[in-house]
Amino acid sequence: MNAKTVRYTEGPIREVRKVKDFLPSPDQLVFRQDSVKVTLSLSKSSVDFFKKIARLNNGKYQQMIRQLIDSYVEHHRSQP
């Protein structure tokens with residue numbers, strides 16, 4: 001991998017201003033939630049799909065399925 005240095009030579013540099021730190025602290029980034037182990041039968045094609053997408057994105061397919069279910073619940077929980 002070649003590292004290229006970008007040099008901006010045209011145009012004025014505007015006044016620099018400091019922005020408020022808006023990022024969460026590292027301990028706030030750790031997402032822990034109570035979980036319950038279940039046995040669930042899924043179609044082979046569905047599992048293969050999630051495994052493929054997880055592999056392409058360096059993720060874990062079980063976490064993807066869990067997030068999908070959590071999103072579904074959150075969406076429907078807010079509806080009457």
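**Side-chain contacts in the model**

Biologist: Hi! How far apart do Glu74 and Arg77 sit in helix H3?

Modeller: They are three residues apart in helix H3 (residues 61–77), which puts about one helical turn between them. Helices here are DSSP runs of H or I with at least four residues, strands are runs of E with at least two, and both are numbered from the N terminus. This is a predicted model, where local features need pLDDT of at least 70, side-chain atom pairs count only at pLDDT 80 or more, and totals for chains, interfaces and linings use all residues. Residues are numbered from 1 along each chain as its sequence is written, and side-chain values use heavy atoms, leaving out hydrogens and water.

Biologist: Good to know. What do Glu74 and Arg77 form?

Modeller: A salt bridge, with the closest N and O atoms 3.6 Å apart. The term needs a side-chain nitrogen of Lys or Arg within 4 Å of a carboxyl oxygen of Asp or Glu.

Biologist: And how accessible is Arg77?

Modeller: Arg77 is exposed at 59% relative accessible area, while Glu74 is partly exposed at 48%. Buried means under 20%, exposed over 50%, and partly exposed in between, using a 1.4 Å probe and protein chains only.

Biologist: How many salt bridges are there in the whole structure?

Modeller: The search finds two. Asp48 pairs with Lys44, the closest N and O atoms being 2.9 Å apart. These residues are four apart in helix H2 (residues 44–56), so about one helical turn separates them. Lys44 is exposed at 63%, and Asp48 is partly exposed at 36%.

Biologist: Is Phe50 buried or exposed?

Modeller: Phe50 counts as buried at 15%, whereas Phe49 is partly exposed at 48%.

Biologist: What sits over the ring of Tyr61?

Modeller: The charged end of Lys51, 5.2 Å from the ring centre. That takes NZ of Lys or CZ of Arg within 6 Å of the ring centre and within 35 degrees of the ring normal.

Biologist: One last thing, where does Leu42 lie?

Modeller: Leu42 is in the loop between helix H1 (26–29) and H2, and it is partly exposed at 42%.
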